[in-house]
Amino acid sequence: MGCICTDGNREMQIDLAPLEQILAGYAREERWLIPILQDAQDVYGYLPFEVLQAIARHVQVSFSKVYGVVTFYTQFHLKPRGRNVIKVCTGTACHVRGGGEVLAALEEALRIKAGETTPDLEFTLETVACLGACGLAPVIMVNEDTHGRVNPDSIKAILDSYRKTAPREVAAV
Amino acid sequence: MSAVAELRELGNRLRQQFSQNGRSKPRIIVGMGTCGIAAGAREVFQAIIQEVENRRLDVVVGQTGCIGMCQKEPLLDVQLPGGPRVTYGNVAVKDVPRIIASHVLNGKIVADLAVAYFADGGFHLEGIPSYDQLDFFKKQHRIALANCGHIDPESIDDYIAAGGYAACAKVLTEMTPEEVIAEVKEAGLRGRGGAGFPTGLKWELTRGTPSDKKYVICNADEGDPGAFMDRSILEGDPHRVIEGMIIGGYAIGASEGYIYVRAEYPLAIKRLEIALRQARERGFLGSSIFGSGFNFDLQIKKGAGAFVCGEETALMASIEGRRGMPRPKPPFPSVSGLWGKPTNINNVETLANVAEIIRRGAGEFNRIGTEGSTGTKVFALTGKIANTGLVEVPMGSSLREVIYEIGGGLPSGAELKAVQIGGPSGGCIPAHLLDLPIDYASLQEVGAMMGSGGMVVMDQATCMVDVARFFLRFTQSESCGKCTPCREGTKRMLEILDRICSKQGREGDLELLQELGEHIQDTSLCQLGASAPNPVLSTLQYFREEYEAHIRDKRCPANVCAGMRAPFEVDLAACIGCGLCARLCPVGAVSGERRKPHRIDAELCISCGACAEKCPVRAIAQGA
């Protein structure tokens, strides 16, 4: 995770009103930090910089301590995550059958690199070691669905099926 | 009337109301633990509600926790007024109308779906075993799990009818804290979370530290992969844990307590919240409980996804709102714990035993199990075993009893290779030690550990190096990074294992693993680090030849590690030359003319198995 100060997301306007409501329910003590972070993430989906600052002020703890807590626990995210999480298999069988090209095609189609999330928060792209479906290589997984024998040309239809408005036409294999 | 007598009478009255003969309406009860729900219990529950509404039936539809038979989920019980409670297993939505039409309406048990019935009340059914007759239950002795799968976890009356809160009433009105501690000490209860520290002694130490404020904490941060007994207890019988905490609080002189539950257990949290509210309404939590002058209340704290928070000092740091990092001990929590105050931390299963000790008396309790390890232990039985599930057995039972008599052995054809006990802090016990009694000392002797009670059965298709690597990767990624042996040492060990599993193993690696492992055991700050090498060291001890095969022959005997599996071979006599395998092979290792037997180039084959899976005549198999 990079330095939060240069995070591009800072440019987004964060509405702090829901946070104020959360904070009103907690005493200004360090012991409430984690419950507050949990509630805030429930509302915002992740923990934006401004939110963390306001929380630090509320519990009267330095920002760096709050940042330390947030990065310590795996439950907390500093960057927004997509509504859909795509996992691209990079195992041996997928690799030799063009998994690399599939990943490249996904990165191009979504205009993000592996490990990143699209600005519209629709997709997060990740790689995994092996999904254990080598017979269907190359394989990608979107949320809970496994898609086998994908190629750079079939990517678009799969992505479209997960976009908010489009109906889910592509059957998962 | 005294509090104890009052509670006993309430229990009796409820029991009578609930007793097999006393219910006036048919009951349909669905097992609604997390595992049951994952298997489809919610859909079954909805279908029952629908069917009941459609037919305008006057029945009670209820829920219960997990009885431990994961294999048979979703489970559904039917009990007619004056009749036995019959359990149906693997119930699908489509079975619901049939069960209701036959059993609920006509009193005819659906024999092909019935699993067992509860024999209490003197019932006897032909053709269906009672629970006591099932192999899975015959050798079990249920204390912590006694109510799981029986009572409605969201009903405090159900718990009281089963004798609940009577121990708490007795303790608060008739016993001094010292007497309570003496009773728990005599019972010989030891911590069920892993290390096995004597519970009574822990209470005594906390009581003995003078302070204006003390705390009790229930450690429900169950994070071991393969262990889920704490979740099951909290989901199936939350009041039992609360009662244990009230008794513990009274014994040490605490007025406040915390239940630290992982956020990944939302159902357990929900049921605990309900239970806490009910206990407060009844006055079992709050001020002057049972008129004793003893004040006590509990709060739930949700974890945020850090395995290390199962370590007590890390857990307390997390409750305080900080990073969950352990600190050196001493001072122990009993002297300086939460916010520097004396604190007593017990695991869920430990606390679930407390009320029973008071109820039965220490003398009854310590008769169960062995001398050094009294009572029972719950194990989560998983892996290559016929009956997966949660089982509670007397300490000192042998692995063989648990795996073969209760668990039904391995599925046909599979041969037992090892049993992994204690998750990432435990070890692998080889097949030849199957008669080992399960108690704290015996497990430690063979390099394993009671741990939280995960028990994974492994067959010959399991690579022990890969298993060791799996657990080490887990602890490595969960290492908090505070102390060097754990942070750096486990990383180096993992690098060596990664090397061994990818054809890069070298002479001297095993000696290095051993040395590193022993240093990490000796020098880590907390038990996460100190026990992290256990899976590696125990497999090195018992399966060294498997490591050597990886290093010297670049071969994985179990055909698991990529690049070291035996190549696939074509049975030339059976091959019809259809060419499907050649088209499927991702690396072009198959060659052959159409309608003539094909061959697989062993050098090129990556052993992915795509060819064997699709071969229409099953002519392809993995070589030895």
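I call a crossing left-handed if the near helix is turned anticlockwise from the far one by less than a right angle, and right-handed if clockwise. This is a predicted model, where local features need pLDDT of at least 70 and side-chain atom pairs count only at pLDDT 80 or more, while totals for chains, interfaces and linings use all residues. Residues are numbered from 1 along each chain as its sequence is written, and chains are lettered from A and ligands numbered from 1 in the order in which they are written.

**Helix pair in chain A**

I looked up helix 6 (residues 99-110) and helix 7 (residues 155-162) of chain A, which pack at about 50 degrees with their axes 10 Å apart. Helices here are DSSP runs of H or I with at least four residues, strands are runs of E with at least two, and both are numbered from the N terminus. Axes are lines fitted to C-alpha atoms, for helices over the stretch in contact, with angles running from 0 to 180 degrees between N-to-C directions. Helix 6 of chain A passes helix 7 of chain A in a right-handed crossing. Contact means C-beta atoms, placed from the backbone, within 7 Å. By class, I get six nonpolar, no polar and one charged residues there. (Nonpolar is Ala, Val, Leu, Ile, Met, Phe, Trp, Tyr, Cys and Pro; charged is Asp, Glu, Lys and Arg; the others, Gly among them, are polar.)

**Chain A against chain B**

I find 20 residues of chain A in contact with 19 residues of chain B. On the chain A side, helix 2 (33-44), helix 4 (63-72) and helix 5 (92-96) each supply at least two residues. That side divides into eleven nonpolar, six polar and three charged.

**Sheet in chain B**

Next I checked an open sheet of four parallel strands in chain B, in the order 8-7-6-9. Strands pair if DSSP finds at least two bridges between them. Strand 8 (297-302) and strand 9 (343-347) of chain B are at the edges with a single partner strand each, so one side of each has no neighbour in the sheet. The twist averages 20 degrees from one strand to the next. Six bridges join strand 7 (residues 256-261) of chain B to strand 8 of chain B; G257(B) has L298(B) as its bridge partner. Helix 14 (residues 348-360) of chain B packs on the sheet, touching strand 6 (215-220) and strand 9 of chain B.

Definitions and conventions
Two residues are in contact if their C-beta atoms, placed from the backbone, lie within 7 Å.
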